[in-house]
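Please consult the sequence and the structure shown below while reading.

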Amino acid sequence: MGAHIIEGKKISEQIRGELLQEVVNLKAKNVVPGLAVVLVGEDPASKVYVGSKEKTCIELGIYSEVHRLPAETSEQELLALIDRLNNQSTINGILVQLPLPKHINEKAVIDAISVEKDVDGFHPQSVGNLTIGDDSLLPCTPAGVIELIKRSGVDIAGKHAVVIGRSNIVGKPVAMLLLRENATVTICHSRTAGMEEIAKQADILVVAIGRTKAIDSRYVKPGAVVIDVGINRLPDGKLAGDVDYESCLETAGYLTPVPGGVGPMTITMLMSNTITAAKRANGIEV
Ligand code: NAP
């Protein structure tokens, strides 16, 4: 029997339907969630991402502001804008599209975003809250990974989850979220010895390394849930994951495709975070 394919696009559409209804309910209470996206410079991929975020806000009835700033914007000017947005009551979420031009200190900018409006979940205080189990806005891609697993009917509690990759934006927060869901978690990285053996013990295997098709069926226990976070551009322009999809089709129990797996979940979780932030700002139960 082949793997059950986890259709991220479908699950994402289902969640967006739920979010649309939440926005309607909030509007009935005179609350309109608002998201500000800040783009500095002309990076083509960033422009596409920002465009999709704006479009999704409009589809869900979320108020959206996009601040498109020239590449030569100074750090001080950007920090002044963040300060204004932190104090603007129509804005519940602030997202600064990364990467920023080299002359701007990314950390200083992320740290300046008010934690209540940190819809990317990258602020050190958000990371700390997640770690100690306090309320926080969760980083979008990792939160999307957890939703995909849960909505596929997989119970995370008690399972052995292996995360390959330990970046601050994917690997580490995915591991923390799996721990919070009561999985037993192992984290692998580029210095891990015997990774194949470790990965093979996983009931849930999450891969986020940025290496095209690096993980094949030799790393997968029969029946395991395999979540591929990787997005790699092939020479022919097509996208491929970090997991060798074809090789794992027979071995895995559940498998995400690329594209159409984790990818569509990221913006959906950003919208969900904006709605959560709006509720908290207005004292409405989350
Ligand atoms: P990253 O910052 O480059 O981190 C890669 C991690 O993988 C590092 O921890 C590295 O280990 C580890 N690694 C690299 N090669 C390895 C190997 N051969 N064996 C074991 N571990 C290895 O990447 P990232 O930002 O986490 O992104 C990972 C992938 O996810 C990329 O393809 C990216 O495009 C994709 N991504 C997708 C989304 C989305 O779906 N929306 C969002 C974000 C990222 P060390 O720490 O030891 O160097």
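Contact, as the word is used here, means heavy atoms within 4.5 Å. The structure is a predicted model.

T268 lies in helix 10. Leaving aside neighbours within four places in sequence, T268 is in contact with S12, I15, R16 and L19. The C-alpha atoms of T268 and I11 are 9.8 Å apart in space, although 257 residues separate the two in sequence. T268 has a relative accessible area of 0% and is therefore buried, the cut-off for that class being under 20%.

## Domain assignment

The domain assignment of the protein chain gives two ranges: domain 1 covers 30-114, and domain 2 covers 140-263. Between the C-alpha centres of domain 1 and domain 2 the distance is 29 Å.

## The ligand and its surroundings

Which residues come nearest to the ligand? They are R166, S167, S190, I231 and T266, out of the 22 residues around the ligand. By class, the shell around the ligand is made up of nine nonpolar, 10 polar and three charged residues.

For S190, a polar side-chain atom lies 2.5 Å from an oxygen atom of the ligand. For R166, an N or O atom of the side chain is 2.7 Å from an oxygen atom of the ligand. For T141, the corresponding distance from a side-chain N or O atom is 3.5 Å, and the ligand atom is a nitrogen. On its own the ligand has 930 Å² of accessible area, of which the protein covers 70%.

S46 is located in helix 2, residues 44-60. Is S46 buried or exposed? Its relative accessible area is 3%, so S46 is buried. Not counting residues up to four places away in sequence, S46 touches L39, Q97, L98 and P99.

Two of these partners, L98 and P99, are joined by a cis peptide bond, with omega near 0°. P99 sits in the loop between strand 4 (93-96) and helix 4 (106-112). A cis peptide bond also joins V258 and P259, with omega about 0°. P259 is placed in the loop between strand 11 (254-255) and helix 10.

L20 is found in helix 1. At 38% relative accessibility, L20 counts as partly exposed. Leaving aside neighbours within four places in sequence, L20 is in contact with E59 and L60. L20 and L60 are 40 residues apart in sequence, while their C-alpha atoms are 5.0 Å apart in space.

N30 occupies the loop between helix 1 (8-28) and strand 2 (34-40). The backbone of N30 has a positive phi of about 60°, although N30 is not a glycine. At 73% relative accessibility, N30 counts as exposed.

Which residues of helix 7 are buried? G171, P173, V174, A175, L177 and L178 are buried in this helix. The cover over the buried residues includes helix 5 (124-132), helix 6 (140-151), strand 5 (160-164), strand 6 and strand 7 (204-207).

Helix 7 is followed by N182, which lies in the loop between helix 7 (171-180) and strand 6 (184-188). Phi of N182 is near 70°, a positive value in a residue other than glycine. At 53% relative accessibility, N182 counts as exposed.

Technical notes. Residues numbered from 1 in each chain as written. Predicted model: local features only at pLDDT ≥ 70, side-chain atom pairs only at ≥ 80, totals over all residues. Heavy atoms only, no water. Near = heavy atom within 4 Å. Polar contact = N/O pair within 3.5 Å; in protein donor to acceptor, adjacent residues only side chain to side chain. Areas by Shrake-Rupley, 256 points an atom, 1.4 Å probe, with all protein chains shown as cover. Nonpolar A, V, L, I, M, F, W, Y, C, P; charged D, E, K, R; others polar. Helix = DSSP H or I, 4+ residues; strand = E, 2+ residues; numbered from the N terminus. Buried < 20%, exposed > 50% of the residue type's maximum accessible area, 1.4 Å probe, protein only. Domains from an automatic or database assignment.
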